[in-house]
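The exercises below are meant to be worked with the sequence and the coordinates side by side. Please try each task before reading its solution.

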Amino acid sequence: VTGLRRILLVDDERASHAVLRRTLGNEFAIDSAYDGHAALGVLAGPTLPDLVLLDVHLPDVGGYEILARIRSTHPQLPVIVITAATSVDGAIRATALAARDYLPKPLDVTRLRRVLGDVFAAAPGWPPERGIPVGAAATLVGSSPPMQELFKTVGRAARSAATVLITGESGTGKELIARAIHTYSERHAGPLIAINCAAIPDALLESELFGYARGAFTGAENARSGKFELANGGTIVLDEIADLAPALQAKLLRVLEERAVTPLGAPAPIAVDTRIIAITNANLAERVSARSFRADLFYRLDVLRIEVPPLRHRGTDVALLARHFLGRERSRLQRSPLGLTPEAERRLHAHAWPGNVRELENVIVQCCVRALGDRIGAADLPIGLGDDGALAIDPQGAIDAELERLLQRFPGDALERLERLVVAKALSLTGGNQVRAAKLLGTTRNVVRHRIAKYSI
Ligand SMILES: Nc1ncnc2c1ncn2[C@@H]1O[C@H](COP(=O)(O)OP(=O)(O)OP(=O)(O)O)[C@@H](O)[C@H]1O
Ligand SMILES: [Mg+2]
């Protein structure tokens with residue numbers, strides 16, 4: 001019969017197959033596999049199922065291993081995990097491996113039918129509609145077109161072994177995305193090691209990354225493995241890669257070329273099998289032009305590029321994320337608002353979010369503490385947030401305190417002093433280019449020139 005959705009049931013219990021045929025046989029075409037190898041055989045064959053129902057207790061290959069393999073070979077294929085044991089651990093593992101759902105045995109056919117309905121209503125199984133689960137606790141939330149596109153790239157990156165470069169403004173979720181790539185990759189069972197290249201002094205960073213041999217320097221009483229070695233079989237995340245010192249850039253390049261690290265003072269390199277994910281919120285290509293970042297290293301890192309869009313380009317994701325963080329706070333705090341008023345939601349939407357998701361997360365956390373009603377209202381939001389852009393630049397109130405001091409210390413002169421500061425800052429950001437400074441300020445070059453003279457900038 002054409003037109004029926006195909007379900008592949010993977011289960012060693014013959015009775016389950018009989019039950020499924022009897023109950024759903026008229027609505028779905030049901031294929032059977034009684035062990036893991038047979039299942040992989042079907043998936044390698046010409047007729048792919050639309051969905052896999054997978055019992056995780058199989059006589060040959062472990063069900064989670066099958067699930068991981070399906071994820072890497074058929075990332076779009078929805079899988080529903082079934083098992084006799086209703087273990088939380090099972091649910092977490094299934095979710096981490098992007099199973100669409102998790103059902104206990106014996107199968108409740110009504111529930112199964114509802115789950116199948118959900119899956120097939122939302123046509124492609126990947127990316128999931130509202131975001132992708134990343135490990136046990138986190139979800140990468142996003143249903144806007146740019147994020148759905150990005151999730152597809154994440155899926156592709158997870159399937160390949162290539163080095164990944166993640167770029168994007170601060171707070172857009174780059175670290176979470178790095179973690180998602182690891183979680184959905186074949187290496188998910190291996191270690192995920194992250195290191196922030198900007199947070200560690202250069203002198204220490206080298207031994208942190210590459211390790212050292214015993215006696216490599218005074219005090220090195222025992223050898224110590226570097227992060228690359230620790231990440232063997234897994235993924236290493238090099239955060240803030242733009243800040244890597246030139247000497248270390250050269251060493252990292254060698255590691256990428258040779259797939260081996262030489263610990264400080266060690267006689268020979270050690271081979272490492274590690275997927276590398278580099279993260280930066282700087283424009284690396286610009287750093288290359290400015291000669292502060294090696295071009296050859298840049299090209300080695302920029303194999304698979306993932307550009308994370310700023311929150312202001314994600315449309316309705318703002319509300320989706322706000323509700324996500326609200327839900328999280330609600331399960332964390334005793335008392336916490338249940339939702340947002342339409343006006344509050346409108347303001348969140350109107351705000352430009354220079355600090356991206358991190359800023360939104362902070363705003364919601366603060367609101368949960370502050371809000372008195374059962375919904376967050378416009379009055380609970382930071383002053384000016386989304387209010388026709390009034391003070392939207394300062395949702396955290398960072399400038400607020402400074403403004404107060406300025407007004408108190410320079411009564412009668414505050415506005416001019418502030419103007420001088422803003423104009424001078426715009427000029428310094430544009431390297432003294434008056435036209436570009438004027439653009440930033442939203443005024444004309446003449447005005448800028450006039451202010452430069454007036455304030456002797
Ligand atoms: N799509 C998302 N869904 C849910 N939470 C998110 C999402 N994106 C970011 N977050 C949360 O926002 C915060 C900032 O994310 P993250 O640390 O990954 O940003 P980043 O891009 O690495 O920022 P920076 O460049 O400043 O290091 C984290 O708490 C993260 O969990
Ligand atoms: Mg980060």
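**Exercise 1. State how many helices and strands the protein has, and what part of its residues count as buried.**

Solution. The protein has 19 helices and 18 strands, where helices (H or I, at least four residues) and strands (E, at least two) are DSSP runs numbered from the N terminus. This is a predicted model, in which local features need pLDDT of at least 70 and side-chain atom pairs count only at pLDDT 80 or more, while totals for chains, interfaces and linings use all residues. Residues are numbered from 1 along each chain as its sequence is written, chains are lettered from A and ligands numbered from 1 in the order in which they are written, and side-chain values use heavy atoms, with hydrogens and water left out. Of the 457 residues, 46% count as buried, buried being under 20% relative accessible area, exposed over 50% and partly exposed in between (1.4 Å probe, protein chains only). Along its principal axes, the C-alpha trace spans about 90 × 65 × 40 Å.

**Exercise 2. Describe the open sheet of 5 strands and the helices that pack on the sheet.**

Solution. Begin with the strand order, which is E2-E1-E3-E4-E5 with parallel pairing; two strands pair if DSSP finds at least two bridges between them. The edge strands, each pairing on one side only, are E2 (28–33) and E5 (101–104). From one strand to the next, the twist averages 20°, angles running from 0 to 180 degrees between N-to-C directions of axes that are lines fitted to C-alpha atoms, for helices over the stretch in contact. Next, look at E4 (residues 79–83), which is joined to E5 by 4 bridges and runs parallel to E5; Val81 has Tyr102 in E5 as its bridge partner. H3 (residues 63–73) touches E3 and E4, and its direction makes about 160° with that of E3.

**Exercise 3. Work out how helices H13 and H15 cross, and which residues make the contact.**

Solution. The axes of H13 (residues 317–332) and H15 (residues 356–370) come within 9 Å and cross at roughly 45°. The two helices are therefore oblique to each other, since angles under 35 degrees count as roughly parallel, over 145 as roughly antiparallel, 65 to 115 as roughly perpendicular and the rest as oblique. Contact, meaning heavy atoms within 4.5 Å, is made by residues including Leu321, Phe325 and Arg328 of H13 and Leu360, Ile364 and Cys368 of H15.

**Exercise 4. Compare Glu240 and Asn356: where does each lie, and is each buried or partly exposed?**

Solution. Glu240 is found in the loop between E12 and H10 (246–258), and at 27% relative accessibility it counts as partly exposed. Asn356, by contrast, lies in H15 and is buried, with a relative accessible area of 0%. Glu240 has a positive phi of about 55° although it is not a glycine, and Asn356 likewise has a positive phi of about 55° without being a glycine. Most residues other than glycine have a negative phi.

**Exercise 5. Locate Thr167 and list its contacts beyond neighbours within four places in sequence.**

Solution. Thr167 is found in strand E8 (residues 164–167), and at 13% relative accessibility Thr167 counts as buried. Leaving aside neighbours within four places in sequence, Thr167 is in contact with Lys174, Thr280, Arg305, Ile306, Glu307 and Val308.
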